[in-house]
Amino acid sequence: MNLIEVTKRFADKEACLDYLEKMRWPNGICCLKCGITGKDEKGRECISKFTTNETTRKRFSKKKNKTVEVTVPSRSLYQCKECGYQFAATTGTVFHDSHTYLTPKKPRKGRPYVKKDKRDVVLGMIERGGKLRLVPIADGKMEAIEPVIEKHVSTDATLQTDESAVYAIIGKRRFPGRHRTINHAQSYGIGDLHTNTIENAFSLLKRGVYGTFHKVSIKHLGRYCNEFSYRFNRRHSQRQMFDETMKGLLNGQPLPFKTLTASAETTASDSASENS
Ligand SMILES: [Zn+2]
């Protein structure tokens, strides 16, 4: 789906909500509290739809030290006839209350650039004509690389790498007689003897980091790698990917900003999940 198609398809708020509703509840709206769905014994819908009018609400402003009136925008809501619970298509999802301010609250002070003494390493594996997997590793040493290869590469595969000494040992140990290397000092490809498949994926990853993300935090590198592999592996089915991603966002657990910015130890475990 390109930008023009997106602007046509999601021209207004109603179209967006309609799409979210269909993606979240493909079999009909379901109450988020009691789980009721469909029609009752009298043939009436269990969940009713309604739209609230735009109103104003009084709120005490600490900054101005007085009560101010704030606008409450019109909202599309659902109400469960069984338990009375009111909810929206975005309730409990990442789209709930999702808005951002483009002007910063406080001007950001310059932070000195700290040069890292350690470089972030990503191990990339790709099957010829198959799927890509990117895994961040502690360093480029054997101890870090071997378990990742063991986990992600089939034992009966033929391993194709560059001439790094680490791969020579791993190749001998795990892929006896099925390890091919290419010496990049001599040539980048002799027939199908090359590592250009993974170099291609790496170059796209680098473009993504520099051009789209600009900067990635090491703590979330696993998430970036997963997202990248996910997109790379589905690059020939863009439309399905859009629907699939929206479904995932509507049904998955939101990641609150507090958890996102928490210390590395607490988030390391959940970023390890691989959905690529
Ligand atoms: Zn209910």
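Q: Which residues in H7 do Leu20, Met23 and Arg24 in H2 meet, and what counts as a contact?
A: Leu20, Met23 and Arg24 in H2 meet Asp243, Met246, Lys247 and Leu250 in H7. Two residues are in contact if their C-beta atoms, placed from the backbone, lie within 7 Å. The model is predicted, so local features need pLDDT of at least 70 and side-chain atom pairs count only at pLDDT 80 or more, while totals for chains, interfaces and linings use all residues. Residues are numbered from 1 along each chain as its sequence is written.

Q: How do the residues of the contact of H2 with H7 divide by class?
A: Four are nonpolar, none is polar and three are charged. Here Ala, Val, Leu, Ile, Met, Phe, Trp, Tyr, Cys and Pro count as nonpolar, Asp, Glu, Lys and Arg as charged, and the others, Gly among them, as polar.

Q: Why are H2 and H7 called roughly perpendicular to each other?
A: Helix H2 (residues 13–24) and helix H7 (residues 238–251) pack at an angle of about 80°, and their axes are 9 Å apart. Angles of 65 to 115 degrees count as roughly perpendicular, those under 35 as roughly parallel, those over 145 as roughly antiparallel and the rest as oblique. H2 and H7 are therefore roughly perpendicular.

Q: What makes H3 oblique to H4?
A: The axes of helix H3 (residues 142–152) and helix H4 (residues 165–174) come within 10 Å and cross at roughly 45°. That angle makes H3 oblique to H4. The crossing of H3 and H4 is also right-handed, a term for a near helix turned clockwise from the far one by less than a right angle (left-handed if anticlockwise).

Q: Which residues in H3 and H4 meet?
A: Met142, Ile145, Glu146 and Ile149 in H3 meet Val166, Ile169 and Ile170 in H4. By class, the contact of H3 with H4 has six nonpolar, no polar and one charged residues.

Q: Why do strands S1 and S5 count as edges of their sheet?
A: The open sheet has three strands in the order S1-S4-S5, with antiparallel pairing. Strand S1 (47–51) and strand S5 (86–87) each have a single partner strand, so one side of each is left without a neighbour in the sheet.

Q: How do you know that S1 pairs with S4?
A: Pairing needs at least two DSSP bridges between two strands, and five bridges join S1 to strand S4 (residues 76–80). S1 and S4 run antiparallel, and Phe50 stands opposite Leu77 in S4.

Definitions and conventions
Axes are lines fitted to C-alpha atoms, for helices over the stretch in contact, and angles run from 0 to 180 degrees between N-to-C directions. Helices (H or I, at least four residues) and strands (E, at least two) are DSSP runs, numbered from the N terminus.
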